[in-house]
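Reader: I am new to this structure and would like to understand how it is put together. Could we go through it step by step?

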Amino acid sequence: MGVSMGYSRHLITKVASFGKRMLKGHMKKSWVFQSLNGLIVLGSLVSFLVAAGCAYLYVFPTFHSVIHNYGISKSSEECNVFEGRWIRDESQPLYNASDCPFAERGFNCLANGRKDQGYLKWRWKPKNCEIQRFRVHAVLEKLRGKRVVFIGDSMSRTQWESFICLLMTGVEDKRSVYEITGNSITKQIRYLGVQFSSFNFSVEFYRSVFLVQPGLAPKRGPKRAKSSLHLDKMDEISKDWIDSDILIFNTGHWWTRSKLFEMGCYFQVGGTLKLGMPITTAFRAALNTWASWIETTINTNRTRVFFRSFESSHWRYIHKHLLRRKSALVVNEHEQKTQNRIHFHPLVEVIKNKSGGQIRHTYHGGRTRKICKVTRNPLSKPKGKGRNPFSDIIIKVVENMTVPATVLHVTPMVAFRSDAHVGTNSDTPLVPDCSHWCLPGVPDMWNEILLSHLLFRNEVSFQ
């Protein structure tokens, strides 16, 4: 684009110079002919510039933004809803997870013993606009007869649960909302579907942590390769996603050394293992496979496609000797004189600080520890978590697609929310968690933004 702009400026400069030379050559003629020739030259110059501008727009069209500006301000002007800050909102939360049978016990932080409730009282405020307030009855009517499908890892499942819990607040007969297959919500199950029978729509979840197809490694591969990830093939269950009205994808949290290489899983393209391929390169290849599948398989005149960007966790890695030097490690007043640590597990310990918050430590191997500290309030600054390489790849891939797709770029907004993670308040309190989110919580805001887009921008067809 920069080259084309420079080329246009060069042409304009040459034409202007040419016009000056022509005018100068006519100065010796009578004023009548000078004026006439001047008008002719000026008209020619204007005509050329108009033609050049039209040609430029034709050859170099303006790219559409994939991070759609679908927040609506009081003046009806558009803005980027993902640029903003978290503000206190006493009307939050919008539901009680204990009253929602589809909210996993592991994400219900209050039911699992969290005492402070301040993390529930925050709402995302875009910089120059307002996100429309959630209107459950309007949403239920708009979704009548539709099929909504979430695809991805456990973060997608959390958003799926949040979506259902939000909608259930507007359903009078709770028994009319049920899991289609009778399955219980578990971490490993590949399909969950909830039917809102009174409104004849379903909200479904497919577990596909990579989106592309995992499989066995080639027989003649190295011994360390136990399995492979086919970067050029979509997950075999992708055929079940086609007949949908709304698709919401995510991936990223399984694209790590510990969940790939250390488990003997390597990348594969065709019949060849790519043992030295970096994870970000493989991620980009997988996203291109996904984009090609959307372009060739999904009818985007009917189906609206969304891809949620990567949500950074708030784990910290710290050297052991630095950890032991930290002061103010207190269990309670009774035990303060005799000990300052409680050991629950050989690989895990919990330390309480003076403010009452818990800092969770997990041995990460070697000389470092993986620390999960759930704060009482959001961070004042994103501390480097407002951008992520996976999110950058997602945005770039979607930008280059030939069919409409929208990025829900949540990376900047979640960077502040170190207070909203599960931490030790889960159904497995000995396992710290600074990746997943409490429900109610941050995923509700993702869904409010999504529903605002669908409801107020007529992004759901009603044919």
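This is a predicted model: local features need pLDDT of at least 70, side-chain atom pairs count only at pLDDT 80 or more; totals for chains, interfaces and linings use all residues.

Reader: How many helices and strands does the protein have?
Author: Its secondary structure consists of nine helices and 20 strands.

Reader: And what share of the residues is buried?
Author: The protein has 463 residues, and 50% of them count as buried. The accessible surface comes to about 23,800 Å², with 55% of it belonging to carbon and sulfur atoms.

Reader: In what order do the strands of the seven-stranded sheet lie?
Author: The order in this open sheet is S6-S7-S8-S5-S11-S14-S20, and the pairing is mixed. Strands S6 (177-179) and S20 (406-408) stand at the edges; each has a single partner strand, so one side of each lacks a neighbour in the sheet. On average, neighbouring strands of the sheet are turned by 20° against each other, direction ignored.

Reader: Do S5 and S8 run parallel or antiparallel?
Author: Strand S5 (residues 147-152) and strand S8 (residues 201-207) run parallel and are joined by six bridges. One of the pairs links Phe150 to Phe205 in S8.

Reader: Which strands does helix H4 touch?
Author: Helix H4 (residues 154-168) packs on the sheet and touches S5, S6, S7 (191-196), S8, S11 (246-249) and S14 (304-308). The direction of H4 makes about 165° with that of S8.

Reader: What about helix H9?
Author: Helix H9 (residues 442-456) also packs on this sheet, where it touches S5, S11, S14 and S20. Its direction makes about 155° with that of S14.

Reader: Which residues is Leu167 in contact with?
Author: Apart from neighbours within four places in sequence, Leu167 is in contact with Phe134, Val136, Val139, Leu140, Leu143, Phe196, Phe201 and Val203.

Reader: One last topic: how is strand S10 paired?
Author: Strand S9 (residues 212-216) is joined to S10 (residues 227-234) by five bridges, and the two run antiparallel. S10 also pairs with strand S12 (residues 265-269), in the parallel sense, over four bridges. Ser227 in S10 is the bridge partner of Leu216, and the bridge partner of Ser227 in S12 is Cys265.

Note on methods
Residues are numbered from 1 along each chain as its sequence is written. Side-chain values use heavy atoms; hydrogens and water are left out. Two strands pair if DSSP finds at least two bridges between them. Axes are lines fitted to C-alpha atoms, for helices over the stretch in contact, and angles run from 0 to 180 degrees between N-to-C directions. Contact means heavy atoms within 4.5 Å. Buried means under 20% relative accessible area, exposed over 50%, partly exposed in between (1.4 Å probe, protein chains only). Accessible areas come from the Shrake-Rupley method with a 1.4 Å probe; for residues, only the protein chains shown count as cover.
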